[in-house]
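Please examine the sequence and the structure shown below.

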Amino acid sequence: MRESLAVIWAIGRKDLLLETRNKDVIVAVSVFALLVLMIFTFAIDINQVNAKLTGPGILWASIAFAGVTGLNRAFALELEGNTLEALMLAPISRDLIYAGKMFGNFLFITAAQIIVIPIFAVLFNLAVLRWEMLVVSLLTTIGFSAIGTLFAAMTIRVRAREVMLPLLFLPVVTPLIMAAVESTSHVVNDSSWPEIYQWIQLAIAFDIAFIVISAFIFQQILED
Amino acid sequence: MTKVINLIVSPIALSAVLMGTTLWLIFVWVPTETNQGAVQRILYLHVPIAWGAMMGIIVVSAGSFLYLWKKNEIWDRLAVASAEVGVVFGGLALLTGMIWAKPVWAVWWTGEAKLTTTLILFFIYVAYLMFRAYFPPGTQRQRLAAMIAIIGAIDTPIIYFAANLWSQAHPPLITGPAADSESSLGTSLGVVLLASTVSFTLLFILLVKMRYEIRKSEDEIKHFKRNHQLDSAVLNNISQARGTS
Amino acid sequence: MKLFNYGLALLIVCVGLVVHDLPSLVLAQSTPLVNGIIVGIETNDNDQLITFVVSDSTGTLTTFKVSDSTKYGLENQAGDRWVTSHKDGSEEAARRLSEHQERFVPITVSYSEATEDSGQITGIATSVVDREQGKLETNLGYIFAVFAITWILFFAYIFYMGRKQKVVQYEITQIKASLK
């Protein structure tokens, strides 16, 4: 158990170390998300009345789109350096590679959210910085990175990879986005915990289902 | 003579006859529903088509599962054939549903759970087919595609649950002319729906079978070409070796 | 080739049926019906509908009693349709019907348990709806669209498969030729 955690941590740390050197993914993801937010503030004239109505949807749409670009980028880096083969040659089981890569992606998307969500709160004038939001964003990010890592690994060899990943990723994560949007709008509307909780439950179910499935099938993806 | 008999009892002829009977039932036999009026006849087409789309998903996921388990090409061919036919049925179910909804619900589209689920699933299986088209051929493509199909199948109940919860939070706009009306037809509605479902199921099976067979021939040609090239390459090598010795 | 024969047969059957049976489609009805305008309404002390009288185009009067299971599908002047059963909306039903009476709006009543007493027909209304005729005409376009789209898409798909099959056939003949 401790060894597996060490492996996961090592892979995640490797990605993070790479990231601190060239800052490819986190900057790209956060700037992209902020751009989407900005376009929406022009597309929809945001004011005190409609901010609560439209804000949560816009926030998660921008994070989802930016997340896909980030996932694309993260695996492109591995591909450019041919490091995925090296990872597969390492004497560790494939589901640990999956867990490690997922951990790395989780860190990227979380980092991007740490930048984006406060700016969203300012732009839309919404009080999202509450502990419930932490739960929502944590669960959504886990789901995004679980599915995203799986599909990113699948689409590595696909022609037009940049298009294929969002086409696979977005419809599958729709329930999770629904859960994130709904619970965020409960958060900004100061709803009670039970109301938020029914959506949190959905997100938990989604995360568990896809982490289990991914662990099962990731082994087969990297096989030749 | 035997040719004629074969044609008469062939599934294609059977399907044509059934489809004709269904159309007769829809347009002539069944009375007009009083609340929705003539548009209600769209449902005799829409419901069986949607059922066909659902069958498509079931067959795709079953075929994909069996392929991953048994590694037999048959299952992969079945999966891709029914995915294609399923996407055609699914797209049609969405279109016919929208055209029905406009006069009855007064809107083309609304956030109702079944609609949302169908739309998302349609996109998942379109992505499945595109993935197959873009991935370099080989067993890895078949394996990965099978996984995507299974992920889609597992996602289905979650999507439905989410869409349902979502439509409870945002009650969909279903306030059109005959939104809450119950059917005035009773059993005759069931009879037509049953007949229509049977004929569309048969059409679904036929289309899948045709697609499957084309796929099979394509695969066989590919295998043959590969083996044949290999054979000629081997023969060339042998003759070259003989020439030098 | 088989595919096209099949497709053609279906197309002919489909077009033939639609053309031949369009009139009966419009006229097809299920239960005994009366089309006409309302000439009288009776309500109880709570303003709930009890009976109403309909006059058809020949001037024949029919009296309808209503029961809890009577269904209404009535539009107001703006065209918004109100659909409910008598149990849930007996006052609104009386209001709507008297409005229909004032505007001389034709309605269709389907009924059961008709009794005839010295030329006066009395029945229990099962559904009271705005006359279907107009709606049928306006909505036929939707049915046409659905059937057209459905068959066009199916034929397009069959055509696509036919082309694939042609390619396969061509390759097979090529291989056969190369083997000889």
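## Contacts and burial in chain C

In chain C, 49% of the contacts with a separation of 6 or more are made by residues 24 or more positions apart. Two residues are in contact if their C-beta atoms, placed from the backbone, lie within 7 Å. Of the 180 residues of chain C, 25% count as buried. A residue is buried if 20 or more other C-beta atoms lie within 10 Å of its own, exposed if 12 or fewer do, and partly exposed in between, with the C-beta atoms again placed from the backbone.

This is a predicted model, in which local features need pLDDT of at least 70 and side-chain atom pairs count only at pLDDT 80 or more, while totals for chains, interfaces and linings use all residues. Residues are numbered from 1 along each chain as its sequence is written, and chains are lettered from A and ligands numbered from 1 in the order in which they are written.

## Strands of chain C

Chain C contains three helices and six strands. Helices (H or I, at least four residues) and strands (E, at least two) are DSSP runs, numbered from the N terminus. The order of the elements of chain C from the N terminus is α-β-β-β-β-α-β-β-α.

Two strands pair if DSSP finds at least two bridges between them. Strand β2 (residues 49-55) of chain C pairs with strand β3 (residues 61-75) of chain C in the antiparallel sense, over five bridges. Within chain C, Phe52(C) stands opposite Phe64(C) in β3(C). Five residues separate β2(C) and β3(C) in a hairpin, and Gly59(C) in the turn has a positive phi of about 90°. β3(C) also runs parallel to strand β6 (residues 120-130) of chain C, and eight bridges join them. Gly73(C) has Val129(C) in β6(C) as its bridge partner.

## Positive phi in two loops

Asn125(A), a residue other than glycine, has a positive phi near 60°. Asn125(A) is found in the loop between α5 (94-124) and α6 (131-154) of chain A. Asn125(A) is partly exposed because 13 other C-beta atoms lie within 10 Å.

Lys71(B) is not a glycine, yet its phi is positive, at about 55°. The loop between α3 (43-70) and α4 (73-105) of chain B holds Lys71(B). Lys71(B) counts as exposed because it has 12 C-beta neighbours inside 10 Å.

## Confidence in chain A

The predictor's confidence in each residue, from 0 to 100, is called pLDDT. Chain A averages a pLDDT of 84, and 99% of the residues score at least 70. Among the elements of chain A, helix α7 (residues 161-188) has the highest mean pLDDT (90) and helix α4 (residues 83-89) the lowest (72). Where pLDDT is low, the predicted coordinates should not be read in detail.
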